[in-house]
Amino acid sequence: VLALGHDVVPTCIGCLVWLYKDGECPSRCQQQLSNESTDSYNLSITDPTHLETEAKMAIDATTNTFRIIIVGGGIAGLATAIAMRGPQREIIVLEKSRMNKEVGALLSLQPNAQKIVEQWNLKDILQRAKPTAERQFRILDTSGKIHMNIDMDGEKYGADRMVYHRQDLHSALREAALSTELPGYPASIVTAAKVVSCDCETGTITLEDNTTYQGDLIIGADGIHSMVREAVLKAGNHELVHPAPTGVSAYRLLVETTNLASLDVDKEVFDHTRQATTLIMGHDRRVIMGPARNGDLLGLVGMVPDEHMHESSNPNSWTTPGHLSKLLQTYHDFPQWIRDIFKQAPDIALWQLRDIDALPTWIAGRCIIIGDAAHAMLPTQGQGASQSIEDAEALQAFFADVTAKPDPQQIAQRIRKVFEARYKRASLIQAYSRQQAKPATEKGSVKVTLNPAEFLDYNCKYEGAVKWLEQQDASRRKLMAKRERMNTSSTGCSV
Ligand SMILES: Cc1cc2nc3c(=O)[nH]c(=O)nc-3n(C[C@H](O)[C@H](O)[C@H](O)COP(=O)(O)OP(=O)(O)OC[C@H]3O[C@@H](n4cnc5c(N)ncnc54)[C@H](O)[C@@H]3O)c2cc1C
């Protein structure tokens, strides 16, 4: 029996792997320890690095284990570590940072992603992350008038749109990936592990310090500057694709709502206690804001074309400091009350928004890229992290029946399925996100002409990769039948 902190996890006496909660051995070994904690076997492990080592030792004892290596411990990597948990699986996340500092910003999981994380039984863990359900988009023009309200119908989409503090969501996903309470084995997370090369055919990963890892499946979730993407494209003899500036930079601010009590604005126009995302849309600048952490915080993102910036954003950093005076100058013609909110932010962060073009492929050998590595997009629809969650669900769905070590052909077939299920949709959402960055008004006018709800149904009605493929097949068949009918009737006419 291993005692991990306060959780006592019984292991199988036959093969040493951790037993399921009901006491059954995942490798169906006949000899099992009882679920009772036995003092003489108790080994209290509080240091997470020990936890990782013990988990690894237990799993290494079996030879038929499916070994999954995930490069990158961001939202995409951690979501995949949760989705891929299962019997006879060893999941190792290699993360280059020490994982002790996530970017301070808000992040929304759109209904398409929120309903997936809810299916993963993460309700309690996510609840501790204090999410806020935001049930409306309110579009204002720069004169401060309400242009449009769009209700976000949780019932219509199968889940609410939930806003998290990025750090809280990251910690919650990490907790779930390491949890001994969820089914399957917990993942091992190795920090300060920078991957410098990836052999897609053999599944060999090399770290900066020359340590190597070999996996049956390699998942590159290493973000917009992905090195695994480079390996995948090189393996297929494709040209490399690099992140390109989109011509837009973003200011990011978090304000404590206790500082907004005396804000001089009609509550009908803006009320920070309302569970809504408010967008103030100018011709080429906009502000997007909403509450989080049970209403304690208001998060704001200000998007500005680079040529209208009064300071430089750094393409390589998410945390370049911005300056209040420059921010106020940039938003000089926006309502005074929003400029008053800016003044309450303790820090202002600035970053240059980049995205990538749709790639020729996401797969090579036994390797697949996901998340921003595969489809980094503009944040105009708040779909970046949500698309990563969809990737994780697709991997879960197409590997669901793999309960033991797969051969390279099985891996290749399944990652191809994931690619086929995800590529078209993710690429379209990338393109829609670019469209949503277009000017929101005619030049010189305050009348908002851009419709932020244009792609909402397409984005949010998603119900998982398998269903998506079925729907695609059904509409293809319908289209072919229609074409056939048209051909028959036109042939009939000419005869
Ligand atoms: C202003 C803004 C607002 C946004 N708002 C939203 C929103 O509301 N909703 C939404 O869904 N999305 C939003 N996004 C997008 C979202 O943040 C990203 O799409 C999402 O975080 C992608 O996650 P990822 O795990 O793929 O990449 P990342 O978060 O970049 O994670 C990659 C990880 O890999 C690690 N790594 C990198 N290289 C290596 C290596 N060589 N070896 C080991 N580890 C490595 C990194 O340290 C990092 O931890 C927003 C983005 C921006 C810019």
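**Cavity, buried loop residue and nonpolar cores**

This predicted model holds one cavity of 30 Å³ or more.

User: What makes the space in the structure a cavity, and how much space lies in the largest cavity?

Analyst: It is called a cavity because a 1.4 Å probe fits there but cannot get out, and about 40 Å³ of space lies in the largest one.

User: Which residues line the largest cavity, and how is the lining divided by class?

Analyst: The lining consists of Leu-279, Met-281, Arg-286, Ile-288, Met-303, Thr-380, Gln-436 and Pro-452, and by class these are five nonpolar, two polar and one charged residues. Strand E17 (277–281) and strand E18 (286–292) each contribute at least two residues to this lining.

User: Why is Leu-359 called buried?

Analyst: Leu-359 has a relative accessible area of 1%, and buried means under 20%, so Leu-359 counts as buried. Leu-359 sits in the loop between strand E21 (348–355) and strand E22 (363–364), and, leaving aside residues up to four places away in sequence, Leu-359 touches Arg-229, Leu-233, Val-241, Ile-369, Ala-373, Ala-374 and Tyr-423.

User: What makes a set of residues a nonpolar core, and which members of the largest one touch the most other members?

Analyst: Such a core is a set of buried residues of the listed nonpolar kinds, joined through side-chain atoms within 4.5 Å. The largest core has 86 residues, of which Trp-120, Ile-205, Leu-217 and Ile-368 touch the most other members. Its largest share, seven residues, comes from helix H2 (residues 75–83). Apart from this core lies another, of 27 residues, including Leu-327 and Phe-334.

Definitions and conventions. Residues numbered from 1 in each chain as written. Predicted model: local features only at pLDDT ≥ 70, side-chain atom pairs only at ≥ 80, totals over all residues. Heavy atoms only, no water. 1 Å grid on protein atoms, 1.4 Å probe; cavity = no way out; pocket = protein on both sides within 12 Å on 5 of 7 lines; lining within 4 Å. Points joined across faces, edges and corners; volume = space filled by probe spheres on them. Helix = DSSP H or I, 4+ residues; strand = E, 2+ residues; numbered from the N terminus. Nonpolar A, V, L, I, M, F, W, Y, C, P; charged D, E, K, R; others polar. Buried < 20%, exposed > 50% of the residue type's maximum accessible area, 1.4 Å probe, protein only. Contact = heavy atoms within 4.5 Å.
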